[in-house]
Amino acid sequence: MPLTKNSVTTPSFLKRAGTDKLREVFLKYASLQRDEEQYMTSEDFVRRFLGLFSEAAFNDDSVRLLAGIADTSKDGLISFSEFQAFEGLLCTPDALYRTAFQLFDRQGNGNVSYADFADVVQKTELHSKIPFSLDGPFIKRYFGDKKQRLINYAEFTQLLHDFHEEHAMEAFRSKDPAGTGFISPLDFQDIIVKVKRHLLTPDVKDNLVAVTEGHKVSFPYFIAFTSLLNNMELIKQVYLQATQGNRSEPVTKDQLLYAAQTMSQITPLEIDILFQLTGTVQQTGWWKRKKRKAATRSRIDYSDLSNIAPEHYTKHITHRLAEIKAVESPADRSAFIQVLESSYRFTLGSFAGAVGATVVYPIDLVKTRMQNQRAGSYIGEVAYRNSWDCFKKVIRHEGALGLYRGLLPQLMGVAPEKAIKLTVNDLVRDKLSDKRGNIPVWSEILAGGCAGASQVVFTNPLEIVKIRLQVAGEIASGNKIRAWSVVRELGLFGLYKGARACLLRDVPFSAIYFPTYAHTKAMMADKNGYNHPLTLLAAGAIAGVPAASLVTPADVIKTRLQVVARSGQTTYTGVWDATKKIMAEEGPRAFWKGTAARVFRSSPQFGVTLVTYELMQRLFYVDFGGTQPRGSESHKPANTLESAGSGTQDHIGGYKAAVPLLAGVESKFGLYLPRFGRGAATATPGATTGS
């Protein structure tokens, strides 16, 4: 298929960028002109465009090696055609191996020689810690006795696969000079951490000595252990085969062994180690310590495998349904762009608020009726014993739809209500944050308070109409009360009855909620600062507990002021009047009526609202040159190439995967390049180590 100028498609997971847009990005970073042509230098490509090696004391050799991946002519400069060709390579299904191949193809002739291979290997951190014999039988099997054989791409993929297995075995031999076939647990840990560092999760790394139970490690055990780490994705498939796709069903060792026999070459020793390792990890995990005492598990589930499986580099490529770049740089943010940004957030907030309100509306109805229930009523007894009793009676007397009385005006009002709250909070946080995005706690509280105050203009009319519809079902009357009739009865000023109590509730609620949510979200993010949707949901729900419960007295007062008192019930003229009368007639406990229902409504509602809001910002990404929600972007694993810096916004087409793929070359193949230390070119091979 011929390539078109504006849109290029490939049978891969990434869509190629158009030529014109790619050229625009290239010219932005190309700093050298020669013969009327623009070129990128190594530093232009690696440090400025990719955003890697941003430290002042970066490693020159590492930068040149990485730039050489795109520099196929090997002249030290990257032309636009080379820049575009590498973007196409990043879109191929085997981009990881092809990127690694171009790292080793030092001459740019489509082959890897012994000198090329040795040159790169000697510059890696692993070689500096555990030197690999580049004159041994393994090298001669691939490059010939005289090391003159050239390796093509297909053969290189196998060489790269076998290289680290051979490096591991050579490391074992170095720790066992007497040839006993055993090494100590500490030597075992040392080898695995250095040679298989790219396959270790924190849980596995912390339990390498514990899993040996203090015994010496045999060579077969060592090989099986490294093979298990290499094959964790295959182990997951074996598990899913055994459970027929059920990720929560525990399986026994026998079940996993049977499934392994039918679809793979997983050995019984590897299965033994798997169960031993998961048992050791879970024994040290606080969430399972009480349940399991034995180091060896009898059953495992999919979550156990996820805890010990290394993370795949493709997880760090963010997929979006839409992506729009409103400005070229933050400096281009005009007042109009900032208005557009607020409108964008307002739209997403409206949808998110509607989703959250619908999910928890039945709980809100129960909460309202419980708060409106008054002691000493003319009825002679309370209508509901508790929230559950209220829920059952609504179903019994009004049907399931009775739980959704007043939903329509709620949805009409909750959209702007939640939208203005989220938008104002984001806007004030942006204004009070420093250039690095940091914000003090007092500023977070102020931003939340401003958000709560701004929403009252929408909240009060919404609340008063909704509440009167919600309690209407309690009255045995043939007249059906509608939202519009309530609005006409109250009039404009009547819609703001109880506004002071509403402010008294909403300002402290938001001042508590948003800072708590931000800090809880940060605590629940993974080690790279990324928040999974489930952690966003949990953070939103957790933050709602203190915010909703602590402002319940204000909510009770607001409810009493906004509901029409029936014959024989106490009436109130204002916030202070309501406070005195409730205290005198019902005691202090009355101020906490409906607390449980309020928490059970507000916590999940805000959890659903916030997760919807942030996920929509991820999926429908618009770059206004401002800030994005923290935890939205997934970064590379720790100890790999650092994530892209300021140039990320220019990573289009295949370049969206550039940094994750380069991190993948390191993490999948263990080819960690040193990052620090200028003047590495003058040092002896392998002398420079990373930090």
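## Basis of the description

Helices (H or I, at least four residues) and strands (E, at least two) are DSSP runs, numbered from the N terminus. This is a predicted model, in which local features need pLDDT of at least 70 and side-chain atom pairs count only at pLDDT 80 or more, while totals for chains, interfaces and linings use all residues. Residues are numbered from 1 along each chain as its sequence is written, and side-chain values use heavy atoms, with hydrogens and water left out.

## Overall make-up

The chain has 27 helices and 8 strands. Of its 691 residues, 51% are buried; buried means under 20% relative accessible area, exposed over 50%, and partly exposed in between (1.4 Å probe, protein chains only). A contact means heavy atoms within 4.5 Å. Among contacts between residues at least 6 apart in sequence, 72% join residues at least 24 apart.

## Glycine 540 and helix α23

Glycine 540 is part of helix α23, which covers residues 533–550. With a relative accessible area of 0%, glycine 540 is buried. Once neighbours within four places in sequence are left aside, glycine 540 contacts Tyr513, Tyr517, Ser603, Phe606 and Gly607. Phenylalanine 606 is 66 residues from glycine 540 in sequence, and their C-alpha atoms are 5.7 Å apart.

## Aromatic pairs

A pair of aromatic rings is described by the distance of the centres and the angle of the planes. Here, rings of Phe, Tyr and Trp (its six-membered ring) pair if their centres lie within 6.5 Å; planes under 30 degrees apart count as stacked, over 60 as edge-to-face and the rest as tilted. A search of the whole structure gives 32 aromatic pairs. One of them is the stacked pair of phenylalanine 104 and phenylalanine 117, with 5.4 Å between centres and 25 degrees between planes. This pair links distant parts of the chain, 13 residues apart: phenylalanine 104 is in helix α5 (residues 95–104) and phenylalanine 117 in helix α6 (residues 114–121). Phenylalanine 104 and phenylalanine 117 are both buried.

Phenylalanine 117 also pairs with phenylalanine 143; the ring centres are 5.8 Å apart and the planes are at 45 degrees, so this pair is tilted. It joins helix α6 to helix α8 (residues 137–143), with phenylalanine 117 and phenylalanine 143 26 residues apart. Phenylalanine 143 is buried, as is phenylalanine 117. One aromatic cluster includes Phe104, Phe117 and Phe143, together with Phe101, Tyr114, Phe132, Phe138, Tyr142, Tyr153, Phe156 and Phe163.

## Arginines over rings

A charge sits over a ring if NZ of Lys or CZ of Arg is within 6 Å of the ring centre and within 35 degrees of the ring normal. Arginine 98 lies over the face of tyrosine 153, 4.2 Å from the ring centre. The charged end of arginine 23 sits over the ring of phenylalanine 80, at 4.2 Å from its centre.

## Nonpolar cores

A nonpolar core is a set of buried Ala, Val, Leu, Ile, Met, Phe, Trp, Tyr and Cys residues joined through side-chain atoms within 4.5 Å. The largest has 61 residues, and Phe45, Phe83 and Phe104 have the most contacts inside it. Beyond neighbours within four places in sequence, phenylalanine 83 contacts Leu22, Val25, Phe26, Met40, Phe45, Phe49, Ile78 and Tyr655. Another core, of 43 residues, lies apart from the largest one and has Leu126, Leu228, Phe275 and Leu305 among its members.

Helix α12 (residues 219–230) has 12 residues. Its buried residues are Tyr221, Phe222, Ala224, Phe225, Thr226, Ser227, Leu228 and Leu229.

## Annotated EF-hand spans

An unreviewed UniProt entry lists "domain: EF-hand" at residues 92–127 and 163–198; UniProt positions are given in the numbering used here, feature names are shortened, and annotations may be inferred rather than shown by experiment. Residues 92–127 are 58% helix and 0% strand, with end C-alpha atoms 30 Å apart. For residues 163–198 the figures are 67% helix, 6% strand and 14 Å between the end C-alpha atoms.

Glutamate 166 is in helix α9 (residues 153–175). Its relative accessibility is 12%, so glutamate 166 counts as buried. Not counting residues up to four places away in sequence, glutamate 166 touches Phe132, Phe138, Arg141 and Arg173.

## Positive phi angles

Aspartate 35 is not a glycine, yet has a positive phi of about 55 degrees. It lies in the loop between β1 (32–34) and β2 (37–39). Aspartate 35 is exposed, with a relative accessible area of 71%. Lysine 147, in the loop between α8 and α9, also has a positive phi, near 60 degrees.

Terms used:
Expected span 1.5 Å × (residues − 1).
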